[in-house]
Amino acid sequence: MSPNDMPPPVPYQMLIVYNAEDGLFNALNDWAHKIFSPETYDCSLCRFTYGLAGMLAPWKTFVTGQPFPTVFFHRPDFWERYPDLKTQALPLILVESRGQVEVLVTADEIKNTGGLMTLINLVQSRLEGRSKIRIRK
């Protein structure tokens, strides 16, 4: 098999970037926004993966069930660590392997999934498309 025929490596880590600020005040503000005006909430990834009491169980099960680490970022932390990606619309799901970062699911794709289970299926299919190695569900 030539190097061009080989599947991309299994990700060293998946990066999940929320379009939100970190901190208690911001968390309380986001919580209230989800209750009173969810349709205008800026982070579709937050809306799909978090409920009023925290991370939703299916999302937690999905990300913790992967055979590689998952790193979660809020907007400012992500921009600090990856300044070259500041132009990417957020939220965003990426993979990092061998020092290279690739977009797995864009902000528009996340928003257009319309919900958690469709998002999980999209991420799973993109991960499987990166490698012939079966990623655990």
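This is a predicted model: local features need pLDDT of at least 70, side-chain atom pairs count only at pLDDT 80 or more; totals for chains, interfaces and linings use all residues.
The salt-bridge count comes to one. Side chains of opposite charge can pair when their charged atoms come close.

Now colour by accessibility. Glu109 counts as partly exposed because its relative accessibility is 26%, between the 20% and 50% cut-offs. Arg126, at 29%, also counts as partly exposed.

Next, show the strands. Four of them form an open sheet, ordered S4-S1-S5-S6, with mixed pairing. Strand S4 (70–74) and strand S6 (100–105) are the edges; each pairs on one side only. On average, neighbouring strands in this sheet are turned by 25° against each other, direction ignored.

Zoom in on S1 (residues 13–18). Strand S1 pairs with S4 in the parallel sense, over five bridges. Pick Tyr18: His74 in S4 stands opposite. Then bring up helix H3 (residues 57–64), which packs on the sheet and touches S1, S4 and S5. The direction of H3 makes about 150° with that of S1.

Return to H6. This helix lies across S1, S5 and S6. Against S6, helix H6 runs at about 140°.

Last stop: Val95, in strand S5 (residues 92–97). Is Val95 buried or exposed? Val95 counts as buried, because its relative accessibility is 1%. The C-alpha atoms of Val95 and Leu127 are 8.8 Å apart, while the two residues are 32 residues apart along the chain.

Technical notes
Residues are numbered from 1 along each chain as its sequence is written. Side-chain values use heavy atoms; hydrogens and water are left out. Helices (H or I, at least four residues) and strands (E, at least two) are DSSP runs, numbered from the N terminus. Buried means under 20% relative accessible area, exposed over 50%, partly exposed in between (1.4 Å probe, protein chains only). A salt bridge is a side-chain nitrogen of Lys or Arg within 4 Å of a carboxyl oxygen of Asp or Glu. Two strands pair if DSSP finds at least two bridges between them. Axes are lines fitted to C-alpha atoms, for helices over the stretch in contact, and angles run from 0 to 180 degrees between N-to-C directions. Contact means heavy atoms within 4.5 Å.
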